Amino acid sequence: MDVHSRQLRYFVAVAEDLSFTRAAQRLHVAQQGLSAQIKQLEQALDLVLFTRTTRSVELTAAGEALLEGVRSALTTLGLAVEQARVAQRRESDRLVLGFLEGAALTLTEPILSAFRERHPGVTVDMRQFTYEDPAAGLADGTVDVAFVRLPFRAEGIRVEPLFTEPVVALVPAAHPLTELPEVRVRDLLDQPLLGADTTDPVWNAFWELHDHRDGNPAPVVSRSKSLLEELQKVAAGVGIVLSVASARWMPFPRVRLLPIVDAPSNEVTVAWHTEHETPLVRSFVDIAREVRAARPELVELLERPDFADRTLPAHL
């Protein structure tokens, strides 16, 4: 069938007014053109929709049967168009960026600055997430794009690597581990551990060193939603926690940061959900990739275990 929405709207108007004259006036079209469109609709459908006399216009049984469905279809079409317009406005003037504590560290500002320069009319709405959602809003579509740390469990999410950060142990200042010349993973396995308050098994497996425990459960004594909460508990002597070198930027009384010489590094990425990929999301990812490539010295510093102890050169 070659049927146009305009013909359907004309059909509804004539059916409601039962007058080609009044319907034409309401639609602001010529009566002759309206009659021609209705005739074309009847031919396309192979139906007689109206009985016409010099004095009246009546719906046929076929016309009455069609009317309700056409009204519903036009309403659905109108709603779909409005939703598409809302989506386009959202795409063109707003980007929701999720992140965990630290975001992309010192790459965050240059990435955002470059994005704003290329898209001056776009508002970037930043939303911080806790350990409860390591995917930072990507899984349920709360955000468009996010700075996240791997690994975590999520389907349909793609990532663009930015840098890797050394994993460290945060321990009470008087802990016996502080007397060792260097700390290895095996030194931590029997320690009371602070875990993350999340149900993501992939995230927990990485930060609780499951791959090094020969199937034995980690001795998790408490779970936390954020780095600040972890630091409070470490300072209180509740347990130790695995974190990243940039935790040095949150100096906390009675907490020591110990590099782990054989721990795997943690990867920081910019990520997005394939089902929510838009031109604006692709542009943000491209810009993040470009900024990273343009600042190799900064990336090299970020990947050093002692980066947080260093003063960042002005040119970076």
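**What the labels rest on**

Modeller: Start with helices H1 and H3. Arg 6, Gln 7, Leu 8, Tyr 10, Phe 11 and Val 14 in H1 meet Leu 34, Gln 37, Ile 38, Gln 40 and Leu 41 in H3. Contact means heavy atoms within 4.5 Å. A caution: this is a predicted model, where local features need pLDDT of at least 70 and side-chain atom pairs count only at pLDDT 80 or more, while totals for chains, interfaces and linings use all residues. Residues are numbered from 1 along each chain as its sequence is written, and side-chain values use heavy atoms, with hydrogens and water left out.

Colleague: What makes H1 roughly perpendicular to H3?

Modeller: The axes of H1 (residues 5–17) and H3 (residues 31–45) cross at roughly 110 degrees and come within 9 Å. Axes are lines fitted to C-alpha atoms, for helices over the stretch in contact, and angles run from 0 to 180 degrees between N-to-C directions. Under 35 degrees counts as roughly parallel, over 145 as roughly antiparallel, 65 to 115 as roughly perpendicular and the rest as oblique. Therefore H1 is roughly perpendicular to H3.

Colleague: Which classes of residue make up the contact of H1 with H3?

Modeller: Seven are nonpolar, three polar and one charged. Ala, Val, Leu, Ile, Met, Phe, Trp, Tyr, Cys and Pro count as nonpolar, Asp, Glu, Lys and Arg as charged, and the others, Gly among them, as polar.

Colleague: How do you know whether Ser 243 is buried or exposed?

Modeller: Ser 243 has a relative accessible area of 6%. Buried means under 20%, exposed over 50%, partly exposed in between (1.4 Å probe, protein chains only). So Ser 243 is buried. Ser 243 is found in strand S10 (residues 241–244). Leaving out residues up to four places away in sequence, Ser 243 touches Pro 166, Val 167, Val 168, Leu 170, Trp 207 and Leu 227.

Colleague: Why does Thr 21 count as partly exposed?

Modeller: Thr 21 has 37% relative accessibility, so Thr 21 counts as partly exposed. Thr 21 is found in helix H2 (residues 20–27). Helices (H or I, at least four residues) and strands (E, at least two) are DSSP runs, numbered from the N terminus.

Colleague: What makes S3 and S4 a pair?

Modeller: Two strands pair if DSSP finds at least two bridges between them. S3 and S4 have six, in the parallel sense. Phe 99, for one, has Gln 128 in S4 as its bridge partner.

Colleague: What handedness does the unit of S3, H5 and S4 have?

Modeller: S3, H5 and S4 make a right-handed β-α-β unit. The test: with the strands pointing away from the viewer, the path from the first strand over the helix to the second runs clockwise. S8 (residues 193–196) and S9 (residues 220–224) run parallel, joined by four bridges. The chain crosses from S8 through helix H6 (residues 201–207) to S9, and this β-α-β crossover is also right-handed.

Colleague: Which are the edge strands of the five-strand sheet?

Modeller: That open sheet has the order S4-S3-S5-S12-S6, with mixed pairing. S4 and S6 are its edge strands, as each pairs on one side only. The twist averages 20 degrees from one strand to the next. Inside the sheet, S5 and S12 (residues 266–273) run antiparallel, joined by four bridges. Arg 149 stands opposite Val 268 there. H5 packs on the sheet, touching S3, S4, S5 and S6, and its direction makes about 155 degrees with that of S4. H8 also packs on the sheet, touching S3, S5, S6 and S12, at about 20 degrees to the direction of S6.

Colleague: Which residues of H5 are buried?

Modeller: Thr 108, Pro 110, Ile 111, Leu 112 and Phe 115. Their cover includes S3, S4, S5, S6 and H8.

Colleague: What is the strand order of the three-strand sheet?

Modeller: S10-S7-S11, an open sheet with antiparallel pairing. The edge strands are S10 and S11 (255–259). Neighbouring strands are turned by 40 degrees against each other on average, direction ignored. H7 (residues 227–235) packs on this sheet, touching S7, S10 and S11. In H7, Leu 227, Glu 230, Leu 231, Lys 233, Val 234 and Ala 235 are buried. These buried residues pack against S7, S8, S9, S10 and S11.
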